[in-house]
Amino acid sequence: MIRNQLRPAILLTVVFIVVTGLIYPGVVTAIARVVFPKESAGSLVAVNGQVVGSRLIGQQFTQPWYFHPRPSAAGNGYDATASGGTNKGPTDRKLADTLIGGAIAQAESAGVPKGKIPADMATSSASGLDPHISPANALFQVARVAGARGADTAKVRELVEHHIEGRQLGFLGEPRVNVLELNLALDSVVRRQGH
């Protein structure tokens, strides 16, 4: 009796392993490579044949002559193996000290009132890997980036406005700016002082 039950159970397990573990992922991967070739390869961004990042994963930019991304709670920052939010609420003192405190200091040094700081400048995304910032965040940083590069503020602002991506399909999400692509465009259009 046990053999009669064991044999079909083992056979079904093997069939499901093959179907769901090999065939299904193989078919989905093959379709993705045909329909979405760049995305299925990681949406890698290359400069002069050298991969410098992915359009889908945020990177840490800390130099004053670059646009800065959202704060990241993933490991030491943008660590894909530690992706996740902070799970800290708005009344958590550590959240205020680590994230909001830095944004407020930067805003005050630029002469911006506390209530006018873009939300994504002071808070991390749910994954900690978000490659985008809001247009308000990017425009907020224009003066600092232009000053650090010794560039015309209007030229840097125009570059930001050119890199604003609209809502997906016209109604999903919010307008956004990809930080990596903006910084690469900035390097190619506006040189830093002394370079």
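Colleague: Hi! Which residues have the most contacts inside the largest nonpolar core?

Modeller: They are F67, V156, V160, L182 and L186, in a core of 20 residues. A nonpolar core here is a set of buried Ala, Val, Leu, Ile, Met, Phe, Trp, Tyr and Cys residues joined through side-chain atoms within 4.5 Å. Buried means under 20% relative accessible area, exposed means over 50%, and partly exposed is in between (1.4 Å probe, protein chains only).

Colleague: And which elements give two or more residues to this core?

Modeller: Those are α5 (135-149), α6 (153-162) and α7 (179-189). The most comes from α7, with 5 residues. Helices (H or I, at least four residues) and strands (E, at least two) are DSSP runs, numbered from the N terminus.

Colleague: Before I go on, what kind of model is this?

Modeller: It is a predicted model, where local features need pLDDT of at least 70 and side-chain atom pairs count only at pLDDT 80 or more, while totals for chains, interfaces and linings use all residues. Residues are numbered from 1 along each chain as its sequence is written, and side-chain values use heavy atoms, with hydrogens and water left out.

Colleague: Thanks. Back to V160: what is it in contact with, leaving aside neighbours within four places in sequence?

Modeller: V160 is in contact with F67, A138, L139, V142 and L182. Contact means heavy atoms within 4.5 Å.

Colleague: Now the whole protein. How many helices and strands are there?

Modeller: The protein has 7 helices and 5 strands. Read from the N terminus, their order is α-α-β-β-α-α-β-α-α-β-β-α. Of the 195 residues, 29% are buried.

Colleague: New topic: where does G42 lie?

Modeller: G42 is in the loop between α2 (37-40) and β1 (44-47). S43 lies in the loop between α2 and β1 too.

Colleague: Is S43 buried or exposed?

Modeller: S43 counts as buried because its relative accessibility is 9%. G42 has 24%, so it counts as partly exposed.

Colleague: What do they touch, not counting residues up to four places away in sequence?

Modeller: G42 touches S54 and L56. S43 touches K38, G53, S54, R55 and L56. As for G42 and G53, they are 11 residues apart in sequence and 9.4 Å apart in space, C-alpha to C-alpha.

Colleague: Which residues line the second largest pocket?

Modeller: S43 is one of them, and the others are K38, E39, L44, V45, R55, L56, H132 and E181. That lining divides into 3 nonpolar, 2 polar and 4 charged residues. At least two lining residues come from each of α2 and β1. The space in this pocket is about 200 Å³.

Colleague: What counts as a pocket or a cavity?

Modeller: On a 1 Å grid over the protein atoms alone, a cavity is a set of points where a 1.4 Å probe fits but cannot get out; a pocket is an open set with protein on both sides within 12 Å along at least five of seven lines, and lining residues have an atom within 4 Å of a point. Points are joined across faces, edges and corners, and a volume is the space filled by probe spheres set on them.

Technical notes
Ala, Val, Leu, Ile, Met, Phe, Trp, Tyr, Cys and Pro count as nonpolar, Asp, Glu, Lys and Arg as charged, and the others, Gly among them, as polar.
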